[in-house]
Amino acid sequence: MYPDTTPSTAPTTAGMSDDQAAAEAARIIADAYRPAPETPTAYRDTSPLPTYGDTPPVLQPDRRIVPAWAAGTAVAGIGVGAACVGVGCGVWLACQGFAAISLTSVLFVTLPIAAVAAVAAAVGSALRSLKDVHTEHHHHYTGPVRQENTTTHTRGVFARTHNEHH
């Protein structure tokens, strides 16, 4: 049932002596534990750039797409919404003791509060946008500029189009 674990006493036919076998075993073990050669993971081209012709891309700084006033209005809207939820929860908790007040009546009470808060946020963002904010970016380009103009003429029943490049 179990495999036989007794060592084999059959003579080896490899023809190695014990010293040769030990040397070969040491070589195999040394090869197995030898560290792998380092492979480069990045390459930097150090050749000089050409003085004319194609140039490599230039890193462009990241700019915000959303204007500051729009982000401020969004944050104000979130604040107004959170305030309305807080006021509404407070009114709802205060009205829990009254049996005659329904959910609809609680909503009618909190609706004017939310409207006043929304109007206040709109007025605040309008006043903030009236400020003189300069967010202009000037781009200064150096190098040759090539401007191409194309004039298009379309004529005929079957709309033949002729493009002229200037």
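These legends accompany several views of a predicted model.

View 1. Start here to get your bearings: the chain holds three helices and two strands. Reading from the N terminus, the order of elements is α-α-α-β-β.

**View 2. The surface of the chain and its contacts.** How much of the chain is buried? Of its 166 residues, 4% are buried. The accessible surface is about 15,900 Å², and carbon and sulfur atoms contribute 63% of that area.

View 3. Cys-84 is partly exposed, at a relative accessible area of 22%. Cys-89 is likewise partly exposed, and its relative accessible area is 42%. As a reminder for this view, a disulfide is a covalent bond linking the sulfur atoms of two cysteines. With a cut-off of 2.5 Å between cysteine sulfur atoms, the number of disulfides comes to zero.

**View 4. The pairing of strands β1 and β2.** Here you can follow β1, residues 150–155, alongside β2, residues 160–165. The two strands are antiparallel and are joined over six bridges. Which residue in β2 is the bridge partner of Thr-154? Thr-161 takes that place. While you trace the strands, recall that side chains in a regular strand alternate between the two faces of the sheet.

**View 5. The turn of the β1 and β2 hairpin.** Four residues sit between the strands of this hairpin. Take a moment to find Gly-156, which has a positive phi near 95°.

Definitions and conventions:
Residues numbered from 1 in each chain as written. Predicted model: local features only at pLDDT ≥ 70, side-chain atom pairs only at ≥ 80, totals over all residues. Heavy atoms only, no water. Buried < 20%, exposed > 50% of the residue type's maximum accessible area, 1.4 Å probe, protein only. Areas by Shrake-Rupley, 256 points an atom, 1.4 Å probe, with all protein chains shown as cover. Pairing = 2+ DSSP bridges.
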